[in-house]
Amino acid sequence: MLYIKNLHFKQISIIKSLIIIFGGRDMANKRITEMGLPKSIGHIFAARNIITAKDALSLTEFELMELLDVGLAQVKSALALISEMTSPRYQTVQTLLDQRKQNEYLTGHLPTQLKGLDAALCGGLPFGALTELVGPSGIGKTQFCLKLSLLAALPSCYGGLDGQVIYIDVESKFSSRRLIEIGINSFPEVFCLDGIAKEMAGRITVLRPGSLTEFTESLQEIKVSVLQYKVKLLIVDSMAALVSGEYEQGPQRQHPLGWHISFLKSLAEFSRIPVVMTNQVRSRGANQISQYIFQESTVEDDTEKFDSRLVAALGIHWAHAVNIRLVLESRSGQRFIKVAKSPMSPTLAFPFQVTSMGIILLNDDGVEMAGPQINAIDHQGHSDIIFHGDER
Amino acid sequence: MEVLRLPLSASQKGKLISAGYTSIASLSSVSPSHLALELKVSETEALEILKSVSDGSRLQSTSSSFTIVNGAQSAWDMLQEEETSVHITTSCADLDSILGGGISCKEVTEIGGVPGIGKTQLGIQLAVNVQIPYDYGGVGGKAIYIDTEGSFMVERALQIAEACSADMAEYSRLHHKGPQACEVKTMQPKDFLENIFYFRVCSYTEQIALTNYLDKFITEHKDVKVVIIDSITFHFRQDFDDMALRTRILSGMALNLMKLARKFGLAVVVLNQVTTKYADGQFHLALALGDSWSHSSTNRIILHWNGNERYAYIDKSPSLRSASAPYSVTPKGIRPSDSNNKRIKHV
């Protein structure tokens, strides 16, 4: 809460409204005194420095009996009340669905304008979810991100979201020139208007944090501005670059980005915007782990077969956290975009090209992929086939 | 039984012991006013102490009437109960058959697997399937879906509910030809979605609070037959420095869930993530949260890739044989694996 001190007085009202939106849901730090416990026991809690629900619920009934010096029945009823007040309220799925249909444009999706992909994802990248792009360098991740930020900035009459975009550019790859080029080529009817290029590019805010700490700080600020200005998309390009120095393979109890995962997720969810992140790849380690202890080892065939394969950086914990994972790869001279993880879509692969319009799909049907190959990231003959759309 | 074991506060126990009352028997014939005088407490407090003493001793005396220990059940009674116990279908026949009919009510079942294998899909499928009415061989209950990760997709739930509703219509058309057909009501997708109570949990404190509160919630909504937690892991994998605290909170939560499952005869399904574990000189995949957590669930199912097919493997169960079965994730939800159908046809 330290950073609050640095803010202008004006912004305090915004923070107050934020507290209603975020803090209102942050029941964990709700004070016990505000929960309507009987006064006598409420005072005992306060006297023993058990202030928040988090403090109380981290202790067992017996520890509380010792600490507060009261009987079991009283502790039980107090805990029951604290639990009830701290629990989130339920909604039926039907009411959730109705709300989305009512309040949100395109029932809460950002269309990628790649027809096949949009159909597979039921309309585009869903609001309130994390979408991840994984692929080798130069495959077109940043191109995809640029296109997406244009789409979110475009006026809604042209299929956009008509909002602001925050683009966190860790690797310094963002190119305004390329952005406008993609715009002119894919939406000539919009970009022929006078001053529109300036307006569209003006809606995209680029941040360049130099370290993980700086990134953490800017995230805190973003939380405020997402609600203040109509931000409709947040892009982080790339997440892996932030930790590539510090991250090592092997079992780890705590992920270096653990906090960021939950923060980005809650940010996406409570402000109902799509969050897009890119992830790098690294080569498959010698003893790449894809087997449980009860499975028979088939490592020997694998080493031959998967030699040219890559895996996503940031490991399995990260992969659990993202809602949608799109893998970009090149296989025998052709680039593919694959829906590797999605609660909605079957495991489809679409061939694509990078052109002056950004990414375009070669066909909209997609090939269904069988088995775990959907997660594999191919890199064959990639260097020969880079299609220089820019130079045309 | 000793005074120390009474549910009293520490200072009251201290006073009793220092006044010489160490066993419950010694307190049985004391009057409240006498006790108040001796312990230097108010008379109402003394009355409360004596009340808890009589509660404690009653608990001991009635215990011998039916079974040897109060609250216990003989193995024979348990067998009777088990035979009448119900299962929630997974919509995949092979998976149901290795699970002895589906996800068992009254038990805690843990399901884990790599990202994208279909854990959330299975969770949503169960939340829909639990509502299949008795007439169709289902449980006819409602579902609680606790989302800790934000991975629940409303659109997907709608798809699965639509498919389930269509299947039910098909079933009634096949089995009730004639006038009966109109009597059996078919459920609309909307009904399915109305009966899923969705809780979004944003921190581990909320998660503990909710597991405590569920008891009351389910007492108010008696027809809840499945509680799905997707996933138990998420909040416990970050912002935890004190691993001992984590273990204790998790085991407390597991106990609570088991109690719920038994008390209300409902199925608790806990989804878990995977992590890497070093054993026998090699890294392996293993379910997250460590060894002590692995004791907390009754059944443990691991979803994994086997070649090009998705398989479910029973890793741990007191009553089921360890086995594995293929399944597939289709636009309609969880369904039997295609190639397996072919194999059965050959036989």
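Contact means heavy atoms within 4.5 Å. The structure is a predicted model, in which local features need pLDDT of at least 70 and side-chain atom pairs count only at pLDDT 80 or more, while totals for chains, interfaces and linings use all residues. Residues are numbered from 1 along each chain as its sequence is written, chains are lettered from A in the order in which they are written, and side-chain values use heavy atoms, with hydrogens and water left out.

**Exercise 1.** Determine which strands of chain B helix H9(B) lies across.

*Solution.* Helices (H or I, at least four residues) and strands (E, at least two) are DSSP runs, numbered from the N terminus. Helix H9 of chain B, residues 204-220, lies across strands E4 (142-147), E5 (196-200) and E6 (224-230) of chain B. Its direction is at about 170° to E4(B); axes are lines fitted to C-alpha atoms, for helices over the stretch in contact, and angles run from 0 to 180 degrees between N-to-C directions.

**Exercise 2.** State the order of the 10 strands in the open sheet and identify its edge strands.

*Solution.* Two strands pair if DSSP finds at least two bridges between them. The order is E1(A)-E5(B)-E4(B)-E6(B)-E7(B)-E3(B)-E10(B)-E11(B)-E12(B)-E13(B), with mixed pairing. The edges are E1 (91-92) of chain A and E13 (333-336) of chain B, each of which pairs on one side only.

**Exercise 3.** Describe the pairing and burial of strand E7(B).

*Solution.* First, consider the partners. E3(B) (residues 108-113) and E7(B) (residues 267-272) pair in the parallel sense over 5 bridges. Val108(B) has Val268(B) as its bridge partner, and Thr109(B) has Val269(B). E6(B) also runs parallel to E7(B), joined by 4 bridges; here Val227(B) is partnered by Val268(B).

Next, consider burial (under 20% relative accessible area, with a 1.4 Å probe and protein chains only). Ala267(B), Val269(B) and Leu271(B) are buried on one side, and Val268(B), Val270(B) and Asn272(B) on the other. Because 6 of the 6 residues of E7(B) are buried, the strand is largely enclosed by the rest of the structure.

**Exercise 4.** Characterise the packing of H8(A) against H9(A).

*Solution.* Two packed helices are described by the angle between their axes and the distance between the axes. For H8 (residues 141-153) and H9 (residues 176-186) of chain A, the angle is about 65° and the axes are 10 Å apart. The contact involves Gln143(A), Leu146(A), Lys147(A), Ser149(A) and Leu150(A) of H8(A), with Arg178(A), Leu179(A), Ile182(A), Gly183(A) and Ser186(A) of H9(A).

Definitions and conventions: Buried means under 20% relative accessible area, exposed over 50%, partly exposed in between (1.4 Å probe, protein chains only).
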